[in-house]
Amino acid sequence: MINLKNISSILLVVTFISCGTADKNYIWKTREVTVSAYNSTRAQTDGQPNIAAWGDTLKPGIKSIAVSRDLIPIGFEYNTQVKITGLEGIYLVKDKMHYRWRNKIDVYMGLDVEKARKWGRKKLKVHYRVKKDSLPNTK
């Protein structure tokens, strides 16, 4: 007879093995960028403050970032995982910034404008996860 404990153990092992295989296909790269913050307010965004550039709905509490468009070809594509020095967790690329910005990331901070102002603008190292075979030949 199969019980819930056995099923849970089997699922855990399968998940662990499949995650290990998937991780072999990815690497974490590092880049120093300017990191600031933004909010879902009309003053800071185009017409629809809760809709990101790729169509995702932004809600307070999600770990999302916007990237300058020059970062996209080097691996900061839609849904790329990003770790930001000084912030906990993994953020996902869900938005892109105006063409005028270069080497910059904006951390989404919901409606908390004061929190975004307090964060300010910092030069930080970020780590981003890319597929090994998708890397452009850049140094």
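How do the residues of the lining of the largest pocket divide into nonpolar, polar and charged? The points below take up this matter after the basis of the model and its fold.

1. Basis. This is a predicted model, in which local features need pLDDT of at least 70 and side-chain atom pairs count only at pLDDT 80 or more, while totals for chains, interfaces and linings use all residues. Residues are numbered from 1 along each chain as its sequence is written, and side-chain values use heavy atoms, with hydrogens and water left out.

2. Fold. The protein has 2 helices and 6 strands, these being DSSP runs numbered from the N terminus (helices H or I, at least four residues; strands E, at least two). From the N terminus on, the order of the elements is α-β-β-β-β-β-α-β. Of the contacts (heavy atoms within 4.5 Å) with a separation of 6 or more, 78% are between residues 24 or more positions apart.

3. Burial. Of the 139 residues in the protein, 34% are buried; buried means under 20% relative accessible area, exposed over 50%, and partly exposed in between (1.4 Å probe, protein chains only).

4. Largest nonpolar core. A nonpolar core is a set of buried Ala, Val, Leu, Ile, Met, Phe, Trp, Tyr and Cys residues joined through side-chain atoms within 4.5 Å. The largest has 22 residues, of which I65, F76 and I84 touch the most other members. Strand 6 (122-131) is among the elements that each supply at least two residues, and the largest share, 4 residues, comes from strand 6. Leaving aside neighbours within four places in sequence, F76 is in contact with R31, V67, L71, V82, V93, I105, V126 and Y128. Another core, of 6 residues, lies apart and includes Y38, A52, M97 and Y108.

5. Largest pocket. A pocket is an open set of points on a 1 Å grid over the protein atoms alone, where a 1.4 Å probe fits, with protein on both sides within 12 Å along at least five of seven lines; lining residues have an atom within 4 Å of a point. The largest pocket holds about 680 Å³ of space, and Q44, T45, K96, M97 and H98 are the closest to its centre among 27 lining residues. The lining comprises 12 nonpolar, 6 polar and 9 charged residues. Strand 1 contributes the most to this lining, with 3 residues.

6. G55. This residue is in the loop between strand 1 and strand 2. G55 counts as partly exposed because its relative accessibility is 47%. Its C-alpha atom is separated by 8.5 Å from that of D95, 40 residues apart along the chain.

Methods:
Grid points are joined across faces, edges and corners, and a volume is the space filled by probe spheres set on the points. Ala, Val, Leu, Ile, Met, Phe, Trp, Tyr, Cys and Pro count as nonpolar, Asp, Glu, Lys and Arg as charged, and the others, Gly among them, as polar.
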